[in-house]
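User: I would like to learn how to read cores and salt bridges in a model. Please take them one by one.

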Amino acid sequence: MERKILVSLVSDQTIPNVELIKEFELVDEYIFIYTDKTIKQLSWIITATKIDESNYKTIQVDPFDVSNIESKLNDFKFEDAEYIVNITGGTKLMILVVQEYFKNLGAKIYYITGHKKNYVKVFPVLGKRDFILKSKLSLDEYLTAYGFTYKKSTTYKTLEMAEKI
């Protein structure tokens, strides 16, 4: 059976990455394409999704340099696998270069619309193209995806108190 690899472009908005990671939970490996300015967001995504360190790889690119992005992708050792690509994050230039690169690998490329929990398959154009996210983020996943940490606690001491509140 062919391995599945989910490729995500990392940007300031981390929720689309976490949402598609949850949507395609039966993935063998993850590849994150990030910039020097989004390394913090990358760590939040990994923490929120609880991806094991041995289960992901990263590619750091210059978000405004086509040659750099192409060079980094060409130098990376992509294996023979089924690729699922989330182009919701990154800069416009990153999106264009990554989309073109992975089209040539026969990847399925998705974009999360941010509207009514929809996401769209932008490539290939055959078959079903519009989808609705099946899973929802927990409060913990949402806050962690934005770098927040919190301590779980209760504001009540007894069941009677809780019911009163």
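User: Which residues touch the most other members of the largest nonpolar core?

Analyst: This is a predicted model. Its largest nonpolar core has 23 residues, and Phe 32 and Tyr 119 touch the most other members. Two or more residues each come from α1 (15-23), β2 (29-34), α2 (39-49) and β5 (108-112). A separate core of 22 residues includes Phe 76, Val 85, Ile 87 and Met 94.

User: What is Tyr 119 in contact with, leaving aside neighbours within four places in sequence?

Analyst: Its contacts include Leu 20, Phe 24, Tyr 110, Ile 112, Arg 129 and Phe 131.

User: How many salt bridges does the structure hold?

Analyst: Side chains of opposite charge can pair when their charged atoms come close. The structure holds 8 salt bridges. One of them joins Glu 141 and Lys 22, at 2.9 Å from N to O. Glu 141 is in helix α5 (residues 139-145) and Lys 22 in helix α1, 119 residues apart. Glu 141 is buried at 14% relative accessible area, while Lys 22 is partly exposed at 21%.

User: Where do Lys 134 and Glu 23 lie?

Analyst: Lys 134 sits in the loop between β7 (130-132) and α5, and Glu 23 in helix α1, so their pairing ties together parts 111 residues apart in sequence. The closest N and O atoms of this salt bridge are 3.8 Å apart.

Notes. Residues are numbered from 1 along each chain as its sequence is written. This is a predicted model: local features need pLDDT of at least 70, side-chain atom pairs count only at pLDDT 80 or more; totals for chains, interfaces and linings use all residues. Side-chain values use heavy atoms; hydrogens and water are left out. A nonpolar core is a set of buried Ala, Val, Leu, Ile, Met, Phe, Trp, Tyr and Cys residues joined through side-chain atoms within 4.5 Å. Buried means under 20% relative accessible area, exposed over 50%, partly exposed in between (1.4 Å probe, protein chains only). Helices (H or I, at least four residues) and strands (E, at least two) are DSSP runs, numbered from the N terminus. Contact means heavy atoms within 4.5 Å. A salt bridge is a side-chain nitrogen of Lys or Arg within 4 Å of a carboxyl oxygen of Asp or Glu.
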